[in-house]
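Q: Hi, I'm new to this one and would like a quick tour. Could you walk me through it?

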Amino acid sequence: SRAAAGARPDGNGSAPMIRAIAMLVAALFLAPGGAAQAQSMTLCRAKPGLLALGTTLPVARKAIAEKKTLRIIALGSSTTAGYGVSNPAFAYPTQLRIGLEKALPGIDIEVINRGIGGQDVEAMAARLQVEMQENPASLVIWQTGTNAAIRHMPLDKFDSTLRGGLKLGKSLGADFILMNLQYVPAVVAAPDKEAYEKIMADAARDFSAGLFRRYDIMRGWYDDGMPYAQCVQLDGLHLNDFGQKCIGRLLTRSIVDALKAP
């Protein structure tokens, strides 16, 4: 269930991708439970420290207090678009809306899904202004970094493009949360994955944006014994139903905690 006709998944069929798929197959057979492990949402968890965004979301707070509304743009690539989920409702932006409606009764919640499969940081930054003008929002969740890492985008180019987008977006009057890379075989195979992760963390700090640490959250799942089959599709890259739903639920907790913090 792709978000748009002609959208393609992240990745380009390169040699690292082939190696990553081999890693995935090995992980499925070597990890406890393997592919047969149930998709129980009781496994959806993260250490509390990993859920701290590092921001109190002042623009979103003001919109909630004064207008009783919270409009969010989910900007990203195939993760945001919900590539490969069995039900569109499982995509993280929909799960986020459902979670926020429960956590913030009386507030009109809108989550606008602007995920386009295969896009990198340049393409997203280029359409950022139009997206925000067409859908004025108090919060933008920008999911990026994975395509840059697996396609080996020069680090300085990734850094400057990301910072340019944040500067523009903040000038248009919205809070930002950066969602970083996912911890999956295709990303683990990328040689500079931690460098892209650090660039995103530094940019979030410098622009007073939030950082949703998806990479560390998912690495925690794996380190605790969760096989990739629990959260990743067989391509070794995209999140499956569990992965999407869990990310949506954990992001909901992060946002609610930030909004309710002193």
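Q: Which strands does helix α4 lie across?
A: Helix α4 (residues 92-103) lies across β1 (69-76), β2, β3 (139-143) and β4. Helix α4 runs at about 170° to β2. Angles go from 0 to 180 degrees between N-to-C directions, with axes as lines fitted to C-alpha atoms, for helices over the stretch in contact. Helices (H or I, at least four residues) and strands (E, at least two) are DSSP runs, numbered from the N terminus.

Q: Before we go on, what kind of model is this?
A: This is a predicted model, where local features need pLDDT of at least 70, side-chain atom pairs count only at pLDDT 80 or more, and totals for chains, interfaces and linings use all residues. Residues are numbered from 1 along each chain as its sequence is written, and side-chain values use heavy atoms, with hydrogens and water left out.

Q: Thanks! What's the strand order in the open sheet?
A: The order of the five strands is β2-β1-β3-β4-β5, with parallel pairing. Two strands pair if DSSP finds at least two bridges between them.

Q: And which strands stand at the edges?
A: Those are β2 (108-115) and β5 (210-212). Each has a single partner strand, so one side of each is left without a neighbour in the sheet.

Q: How many bridges join β4 to β5?
A: Three bridges join β4 (residues 175-179) to β5, and Leu178 stands opposite Leu211 in β5.

Q: Switching to helices: at what angle do α5 and α7 pack?
A: Helix α5 (residues 121-134) and helix α7 (residues 155-171) pack at about 5°, with axes 9 Å apart. The two are therefore roughly parallel, a label for angles under 35 degrees.

Q: Which residues meet there?
A: From α5, Leu128 and Met132 are among them, and α7 brings residues including Phe158 and Leu162. Contact means heavy atoms within 4.5 Å.

Q: New topic: which cysteines does a disulfide join?
A: Cys44 is joined to Cys246, S to S 2.1 Å; a disulfide is a pair of cysteine sulfur atoms within 2.5 Å. Cys44 lies in the loop between α1 (15-30) and α2 (58-67) and Cys246 in helix α12 (residues 241-260), so the pair ties together parts 202 residues apart in sequence.

Q: Are those two buried or exposed?
A: Both Cys44 and Cys246 are buried. Buried means under 20% relative accessible area, exposed over 50%, partly exposed in between (1.4 Å probe, protein chains only).

Methods:
Parallel < 35°, antiparallel > 145°, perpendicular 65-115°, else oblique.
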